[in-house]
Amino acid sequence: QVQLVESGGGLVHTGESLRLSCAASGTSFSINVMGWYRQAPGKRRELVAAVTRRGMTNYAGSVKGRFTISRDNARNTVYLQMNSLELEDTAVYYCYGGPGWDIDSPDYRGQGTQVTVSS
């Protein structure tokens, strides 16, 4: 059974940085797309960033230039470097994996990690 285990969330102030990590276990194959989506109370689920096995990336417009996604295929691990964090980045961040960009019904999903940005 494939499991995605996240780490790296926390409480920071505006302008600071955090790095999220997500490792997939229980699989011998490389998941095609791995990435992150977030959900804040009362808001819709939003794709933050995702990357294919070959390195193609997809970012939400609100995080372009501030967040960077990277991936280690050998370890089935994906990272999200978040810089210049803003209040609006506060949400639960979920790691996900699947064949495409879809975040509504991904094949795999982590338990979520809270990111809170305060002023």
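**Close-up 1. D89 and R66 are both buried residues.** Buried means under 20% relative accessible area, exposed means over 50%, and partly exposed lies in between (1.4 Å probe, protein chains only). This is a predicted model, in which local features need pLDDT of at least 70 and side-chain atom pairs count only at pLDDT 80 or more, while totals for chains, interfaces and linings use all residues. Residues are numbered from 1 along each chain as its sequence is written, and side-chain values use heavy atoms, with hydrogens and water left out. D89 has a relative accessible area of 1%. D89 and R66 form a salt bridge, with their closest N and O atoms 2.8 Å apart. D89 sits in the loop between β8 and β9, and R66 in the loop between β6 (57-59) and β7 (67-72), so the pair ties together parts that are 23 residues apart in sequence. A salt bridge here is a side-chain nitrogen of Lys or Arg within 4 Å of a carboxyl oxygen of Asp or Glu. Helices (H or I, at least four residues) and strands (E, at least two) are DSSP runs, numbered from the N terminus.

**Close-up 2. R38 also pairs with D89.** This salt bridge spans 2.9 Å, N to O. R38 belongs to strand β4 (residues 33-39), whereas D89 is in the loop between β8 (77-82) and β9, so the contact ties together parts that are 51 residues apart in sequence. R38 is buried, at a relative accessible area of 6%.

**Close-up 3. A network of salt bridges links five named residues: R38, E46, R66, E86 and D89.** D89 bridges to R66. D89 also bridges to R38. The structure as a whole holds five salt bridges.

**Close-up 4. R75 and D72 form a salt bridge.** Their side chains meet at 2.8 Å, N to O. R75 counts as exposed, with 57% relative accessibility. By contrast, R38 is buried.

**Close-up 5. A disulfide joins C22 to C95.** The S to S distance is 2.0 Å. A disulfide is defined as a pair of cysteine sulfur atoms within 2.5 Å. A search of the whole structure finds one. The link connects distant parts of the chain: C22 is in strand β3 (residues 18-25) and C95 in strand β9 (residues 91-98), 73 residues apart. The link of C22 and C95 is left-handed, with -80° about the S-S bond. C22 counts as buried, at 1% relative accessibility. C95 is buried too, at 0%.
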